[in-house]
Amino acid sequence: MHLTKAEIITLGRTLDVDYAMTTSCYDPSSDGAACGHCDACQLRLRGFEQAGMHDPVRYR
Ligand SMILES: [Zn+2]
């Protein structure tokens, strides 16, 4: 795996991945919103930022 997170997200977008359906949060709230603070959320947010994209997943 040699892709950066941003590259993975950009690649997924070209493959029409629906990122609103994906979350890797370690500590989601009871309604499914991601915490925005755990390692998985931080990596995800940084990846979207680097890709210049808005993350469609809800954060609490
Ligand atoms: Zn999280």
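Leaving aside its neighbours within four places in sequence, which residues is Cys 35 in contact with? In this predicted model, Cys 35 is in contact with Cys 25, Asp 27, Cys 41, Tyr 59 and Arg 60. The legends below start with the whole chain and then turn to its parts.

**Figure 1. Overview of the protein chain, with two helices and zero strands.** Helix H1 covers residues 5–14 and helix H2 covers residues 39–51, with a loop between them. The protein chain has 60 residues, and 32% of them count as buried. Its accessible surface comes to about 4,300 Å². Carbon and sulfur atoms account for 55% of that surface. Among contacts with a separation of 6 or more, 49% are between residues 24 or more positions apart.

**Figure 2. The zinc ion and its protein donors, Cys 25, Cys 35, Cys 38 and Cys 41.** Each of these cysteines contributes its SG atom, and the donors lie 2.3 to 2.4 Å from the zinc ion. The angles among the four donor atoms run from 105 to 117°, and the site is tetrahedral. Along the chain, the donors follow the spacing C-x9-C-x2-C-x2-C. A disulfide is a covalent bond between the sulfur atoms of two cysteines. The count of disulfides here comes to zero, by a rule that asks for a pair of cysteine sulfur atoms within 2.5 Å.

**Figure 3. The largest nonpolar core, made of seven residues.** Its members are Cys 25, Ala 34, Cys 35, Cys 38, Ala 40, Cys 41 and Val 57. Cys 25, Cys 35, Cys 38 and Cys 41 are also the protein donors of the zinc ion. Cys 38 counts as buried because its relative accessibility is 12%, and buried means under 20%. Cys 41 has a relative accessibility of 2%, so Cys 41 counts as buried too.

**Figure 4. Surroundings of Cys 35, a donor of the zinc ion.**

**Figure 5. Ala 33 in the loop between helix H1 and helix H2.** Is Ala 33 buried or exposed? Ala 33 counts as buried, because its relative accessibility is 4%. Leaving aside neighbours within four places in sequence, Ala 33 is in contact with Pro 28, Arg 58, Tyr 59 and Arg 60. Thr 23 is ten residues from Ala 33 in sequence, and their C-alpha atoms are 9.0 Å apart in space.

Definitions and conventions. Residues numbered from 1 in each chain as written. Predicted model: local features only at pLDDT ≥ 70, side-chain atom pairs only at ≥ 80, totals over all residues. Heavy atoms only, no water. Core = buried A, V, L, I, M, F, W, Y, C linked by side-chain atoms within 4.5 Å. Buried < 20%, exposed > 50% of the residue type's maximum accessible area, 1.4 Å probe, protein only. Contact = heavy atoms within 4.5 Å. Donors = N, O, S within 2.8 Å, 3.2 Å for Na, K, Ca; no water. Tetrahedral: all angles 85-135°; square planar, octahedral: opposite > 155°, others 65-115°. Helix = DSSP H or I, 4+ residues; strand = E, 2+ residues; numbered from the N terminus. Areas by Shrake-Rupley, 256 points an atom, 1.4 Å probe, with all protein chains shown as cover.
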